[in-house]
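Morning, everyone. I have one structure to walk through, and I will keep it short. Please have the display open.

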Amino acid sequence: MLEQGRLGTRQLATLTFMMVIGDMMLIYPSVITSYAKQNSWICALIGIPLGMGLMAMFLKLGNMNPGKNLVQITRKHLGFWPGTFFSCFYLFFFLIGTSTHTREIGDFMTSQIFQYTPIRIITLMFVITIGWGAYKGLETMGRTSELLLPIVIVFILVLSFCLLPKVDISNLKPVTDTDTVSIMQGILVSIIYPVGETIPILMILPYTARQAHRTRDVIVAAGLGNLMLAMLVTISLLVLGAFLTQHSIYASFILSQKISIGGFFERIEAIMATSWLISTYFKAMIYLFAFMVGIAELFKLKQYRVLLLPACMLVFGMANVVAPNLTFIVITIVPYWVDWDTTLGILLPGILLLVMIFKKRKKSISN
């Protein structure tokens with residue numbers, strides 16, 4: 001096995017929750033509202049059970065191939081070369097995902113907090129951090145996520161409850177003003193962005209202890225993560241309205257600046273930034289781990305840690321060239337990212353699952 005550490009069910013669930021929340025905590029309200037406008041909270045709520053269904057499909061793929069990661073699964077069921085070609089799509093996705101999350105961190109920190117710090121310094125520090133986490137192994141990632149998870153959850157709850165005095169119900173009206181196509185696009189975003197991007201879970205499932213309720217706990221964790229995001233979307237609409245939510249890239253960060261209770265509990269946006277950094281850190285780290293393990297499996301290496309330095313250098317370089325600026329990401333990348341996520345998060349795993357079921361039935365009939 002490429003990884004000697006083992007995750008428990010609780011650690012796998014916390015990592016799943018972190019991946020669902022991930023970078024979505026800041027940008028999700030803006031992205032989904034750009035499609036469904038004031039009805040985006042409805043789309044976010046509908047996306048919770050559908051996202052749990054998508055997570056169940058990922059786990060079904062993993063459970064039908066115990067002890068095998070995504071690269072091994074595709075090679076087993078599609079053949080060596082088709083499976084290798086299929087795997088390369090995902091490895092490229094993991095690399096671009098890690099680079100994009102790193103770039104998001106750099107853009108956010110240099111535009112909102114450290115405005116005079118060069119973005120390459122921020123991205124370099126982030127890459128070193130996720131590289132160190134990936135080097136320490138999967139078990140360390142799981143235990144660390146258990147320690148830091150309460151910070152993320154508590155802050156989302158504090159943000160939601162402290163903004164209740166500023167809620168304006170009229171911001172959700174009119175309900176019937178959005179067309180059906182926009183609603184469907186909003187629902188797709190609510191599924192594919194938070195849960196579809198957890199496809200790297202298929203690279204860490206083989207290193208998870210098969211304990212009771214593993215499938216149930218991971219699906220519930222995905223549902224809770226999506227529920228937290230739905231809460232952020234709803235509170236953002238109620239406080240900022242659809243127009244400001246759509247056009248504020250970091251809507252949750254702006255929300256945290258509006259908290260003022262008794263003239264002393266205010267200016268907590270630094271805590272918001274910290275909780276977002278934590279969740280994005282784990283998502284980027286899992287993507288980097290999945291990329292290295294996938295490459296090691298593809299070329300039959302004995303361990304993945306030898307790839308750490310070149311992988312980190314590649315991520316650092318890609319983070320600097322993946323987009324020239326924040327405006328390019330919002331206008332050019334985000335609309336097409338939905339299609340990419342849909343292909344790699346729903347279509348290809350669905351096709352792979354159908355192939356596995358077909359081959360299983362064909363084998364049972366022939367026997």
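**Charges, core and surface**

Start with Arg143: it is partly exposed, because its relative accessibility is 48%. For the cut-offs, buried means under 20% relative accessible area, exposed means over 50%, and partly exposed is in between, with a 1.4 Å probe and protein chains only.

Some ground rules. This is a predicted model, where local features need pLDDT of at least 70 and side-chain atom pairs count only at pLDDT 80 or more, while totals for chains, interfaces and linings use all residues. Residues are numbered from 1 along each chain as its sequence is written, and side-chain values use heavy atoms, with hydrogens and water left out.

Back to Arg143. Its side chain meets that of Glu139 in a salt bridge, 3.2 Å from N to O. The term means a side-chain nitrogen of Lys or Arg within 4 Å of a carboxyl oxygen of Asp or Glu. Both residues sit in helix H7 (residues 138-162), four residues apart, about one turn of the helix. Helices here are DSSP runs of H or I, at least four residues, numbered from the N terminus. Glu139 is partly exposed too, at 29% relative accessibility.

How many salt bridges does the rule give? Seven. Another one joins Asp217 and Arg216, with the closest N and O atoms 3.1 Å apart. Asp217 is partly exposed at 26%. Arg216 is partly exposed at 48%.

Next, Lys283. It forms a salt bridge with Asp23, closest N and O atoms 2.9 Å apart. That pair links distant parts of the chain: Lys283 is in helix H12, Asp23 is in the loop between helix H1 (9-21) and H2, and they are 260 residues apart. Both Lys283 and Asp23 are buried. Asp23, Glu197 and Lys283 are linked in a network of salt bridges.

Now Asp341, in helix H14 (residues 326-366). Beyond its neighbours within four places in sequence, Asp341 is in contact with residues including Phe93, Tyr193 and Glu197. Contact means heavy atoms within 4.5 Å.

Also in helix H14 is Leu353. Leu353 counts as buried because its relative accessibility is 12%.

On to the core. The largest nonpolar core has 124 residues, and those with the most contacts inside it are Met55, Phe94, Ile201 and Met292. H12 gives the largest share, 19 residues. A core is a set of buried Ala, Val, Leu, Ile, Met, Phe, Trp, Tyr and Cys residues joined through side-chain atoms within 4.5 Å.

Last, backbone. Lys37 has a positive phi of about 50 degrees although it is not a glycine. Lys37 sits in the loop between helix H2 (24-36) and helix H3 (40-63). Lys300 has a positive phi as well, about 55 degrees, in the loop between helix H12 (269-298) and helix H13 (308-321). Most residues other than glycine have a negative phi. Lys37 is partly exposed at 31%, whereas Lys300 is exposed at 61%.

How values were computed. Helices (H or I, at least four residues) and strands (E, at least two) are DSSP runs, numbered from the N terminus.
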